[in-house]
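Good morning, everyone. I would ask you to look at the sequence and the structure together as I speak.

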Amino acid sequence: MTAGDSSLGDQAISKAVEMGLSTQLDDAEKLDVDVRTNPGSLMKGEVDSVEIEGKGMVMKGELRTEKLTVQTGNIAVNPLKAAFGQIELTRPTDASTVMLLKEDDIERAFNSEYIKNKLQNLEINVDGQPVRVNTQRVEFKLPGEGKVAIAADVTLAETGESKHLAFTAVPKMALSGQQVELQEVQPTTGGDVSALTNCLVQSAQELLDLRNFEVPGMELCLNRVDIRQGEMELKADARVTEFPGG
């Protein structure tokens, strides 16, 4: 929380939101909440802005965000609650959100127990024959040029034979605005393992579902996906009906 010229009221509300938000996270290396207002505005039930900035935040699905920011404009609050250091919205407010994800963090989430268990004992067709496979470690890379690259080694349960699967795809916004979809999937290894490729694509989309980044009282709608070498930035509009700690 920044100090500067903030009033005691700003600081009390900022701290309440910060503490409330921290209870919704699995982990956070850094979390700052900055509420900007003045006593006169608070008496009228107005707050100039709220800015939330976090680093190393983990919410759901074991996916870590390198950086996450939420920025609102002027918001309407209950003045009586504000006088006691709480921020209760009297009407919904809009905000902008930016999430920065590193390829190492996405790869780590891919290899978490939650996702890994979904990629075991899968029945797929390999070279036209139905077989059961177990997926070993998954590699997730962001090589740039607007693409992701995913690779995995799989073991055929019946024979113990190993196969390597790799493909590239282009992340795009889903029509719902809730998820990143992987489109233009291009295999970079031979063999008919399209069913397993689809499983990996679905797992990636599950990880990159915006609902993984939401906290109670906040709904996100994706409006931009930027892919750079080693990192992915998601920009979203947020509809806020409740602040943690309010």
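Predicted model: local features only at pLDDT ≥ 70, side-chain atom pairs only at ≥ 80, totals over all residues.

Where does D105 sit in the chain? D105 belongs to helix α4, which covers residues 103–110. Is D105 buried or exposed? Its relative accessible area is 6%. Since buried means under 20% relative accessible area, D105 is therefore classed as buried.

Which residue does the side chain of D105 meet in a polar contact? The partner is R108, through its own side chain, at 2.7 Å.

I now turn to the protein chain as a whole. The protein chain contains six helices and 13 strands. Its C-alpha trace spans about 75 × 30 × 30 Å along the principal axes. Of the 246 residues in the protein chain, 48% are buried, and D105 is one of the buried residues.

What of contacts along the sequence? Taking contacts in the protein chain between residues at least 6 apart in sequence, 55% join residues at least 24 apart.

Finally, consider the surface and the charges. The accessible surface of the protein chain amounts to about 12000 Å², and carbon and sulfur atoms account for 47% of that surface. The protein chain carries 25 positive and 40 negative charges, and the mean positions of these two sets lie 2 Å apart.

Thank you for your attention.

Notes. Residues numbered from 1 in each chain as written. Heavy atoms only, no water. Helix = DSSP H or I, 4+ residues; strand = E, 2+ residues; numbered from the N terminus. Buried < 20%, exposed > 50% of the residue type's maximum accessible area, 1.4 Å probe, protein only. Polar contact = N/O pair within 3.5 Å; in protein donor to acceptor, adjacent residues only side chain to side chain. Contact = heavy atoms within 4.5 Å. Areas by Shrake-Rupley, 256 points an atom, 1.4 Å probe, with all protein chains shown as cover. Lys, Arg positive; Asp, Glu negative; His and termini not counted. Charge placed at Lys NZ, Arg CZ, Asp CG, Glu CD.
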